[in-house]
Amino acid sequence: MTETVTRPARDVVADEVFEQHRTVLLGLAYRMLGSWWDAEDVVQEAWLRWRRTVPDTDVADPRGWLVTATTRLALDQLRSARRRRETYVGPWIPEPVPSGRLALDPAETAAQRATVSLAALRLMEQLSPPERAVYLLREAFELPYQDIADSLGVTAAHARQLHRRATAHLAGDQARFAVDSAEHLALVERFVAAAVTGDRRGLESLLARDVVLWNDGGGRVRAARRPILGAEKVARFLLGILTRRGPADPHVVAVNGGHSLLLDFGRGRMLLTLEVRDGVVAGIQGMVNPDKLRGIATPARDPRFGREPCGGSREEAEHHGRDRPAGRDRRETYATPPDYSSH
């Protein structure tokens with residue numbers, strides 16, 4: 001007799017209830033951790049605890065119970081992750097996730113959706129784990145302070161204080177969180193056009209004077225181990241990679257509710273996410289760690305950016321092999337690690 005037949009009806013109902021909230025729990029855990037893999041682990045552990053609890057206990061508020069369990073598990077995971085990141089090779093930046101996987105609710109406000117942007121996830125790294133939890137539960141999920149306090153095991157007054165501290169920490173950078181989608185896409189497309197044509201002056205004109213580029217290779221590929229500062233250095237770095245690593249196919253992809261530039265070199269990829277302030281690029285997250293890019297598929301060539309891949313001719317592109325597996329399979333193709341470390 002199969003497990004489906006013999007399992008108690010109560011367990012079946014419990015699983016159905018959990019599935020109703022899985023997307024919300026993944027969204028919460030991912031916002032807390034900046035890692036989709038870690039978020040999946042946390043939600044899986046929340047499910048195991050839920051299954052152990054439900055047969056013996058009547059849960060009056062399943063969503064509240066699950067949010068509390070996920071928050072506490074994510075806090076523990078975040079503390080552990082930050083200790084591991086002390087030995088991380090080079091800058092650590094959040095794992096990008098295709099917008100479709102995040103299942104963003106059209107009814108969410110711009111402020112709520114902004115909390116899942118890569119800019120917000122990077123900036124929230126400066127918060128303590130409790131501050132981050134309170135900030136997200138309040139801003140992204142609009143929970144009352146008492147519910148937040150219950151989830152964290154603190155008083156409502158303490159939860160308010162943590163939220164005030166988190167908001168104060170982020171006050172100077174919140175403009176990067178919520179950027180008009182159409183304006184951001186237009187800036188990304190101008191950025192791509194300048195990069196594709198090797199227009200250094202045009203590229204520099206899109207960058208703030210104090211722009212910062214973070215290059216995350218995670219020790220899997222060679223990458224800049226320190227942030228690159230200033231418009232001139234950032235433009236030179238990016239164009240140098242395109243010249244040295246090319247040819248590359250450019251694609252604008254939907255990531256974390258916004259638009260990013262994916263450069264496909266055939267043997268390695270780079271995802272560039274632009275953080276915008278006052279109409280110019282104030283920060284660039286350069287993800288080259290193949291483990292973190294496993295969920296980002298390479299789309300068909302984008303006709304908006306010309307017929308040739310940037311950094312080389314079509315013949316060179318075909319020589320390097322355009323028909324490649326995307327995502328997870330790609331990590332097995334490196335005999336020697338690609339180099340994104342310098343120009």
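Select E45 to start: E45 is partly exposed, with 27% relative accessible area. Here, partly exposed is the range between buried (under 20% relative accessible area) and exposed (over 50%), calculated with a 1.4 Å probe on protein chains only. The model is a predicted one, in which local features need pLDDT of at least 70 and side-chain atom pairs count only at pLDDT 80 or more, while totals for chains, interfaces and linings use all residues. Residues are numbered from 1 along each chain as its sequence is written, and side-chain values use heavy atoms, with hydrogens and water left out.

A salt bridge is a side-chain nitrogen of Lys or Arg within 4 Å of a carboxyl oxygen of Asp or Glu. R52 counts as exposed, at 53% relative accessibility. By this rule the model has 18 salt bridges.

Next, select E275 and R122. Their closest N and O atoms are 2.7 Å apart, and the two residues form a salt bridge. E275 belongs to strand β6 (residues 269-277) and R122 to helix α7 (residues 118-123); the pair links distant parts of the chain, 153 residues apart. Helices (H or I, at least four residues) and strands (E, at least two) are DSSP runs, numbered from the N terminus. Buried or exposed? E275 is buried at 1% relative accessible area, and R122 is buried at 16%.

Stay on strand β6 and pick R277, then D210 in strand β1 (residues 207-216). R277 is partly exposed at 26%, and D210 is partly exposed at 47%. For a network, select R82, R85, E125 and R132, which are joined by salt bridges that share partners.

Now turn to the nonpolar cores. Such a core is a set of buried Ala, Val, Leu, Ile, Met, Phe, Trp, Tyr and Cys residues joined through side-chain atoms within 4.5 Å. The largest one has 58 residues, and Y30, M32, M124, L137, I148 and L152 have the most contacts inside it. Helix α2 (residues 9-33) gives this core its largest share, 10 residues. Another core, of 35 residues, lies apart from it and includes V211, L213, V252 and V281.

Finish on M124. Leaving out residues up to four places away in sequence, M124 touches R31, R82, T115, R132, Y135, L136 and L170. Contact means heavy atoms within 4.5 Å.
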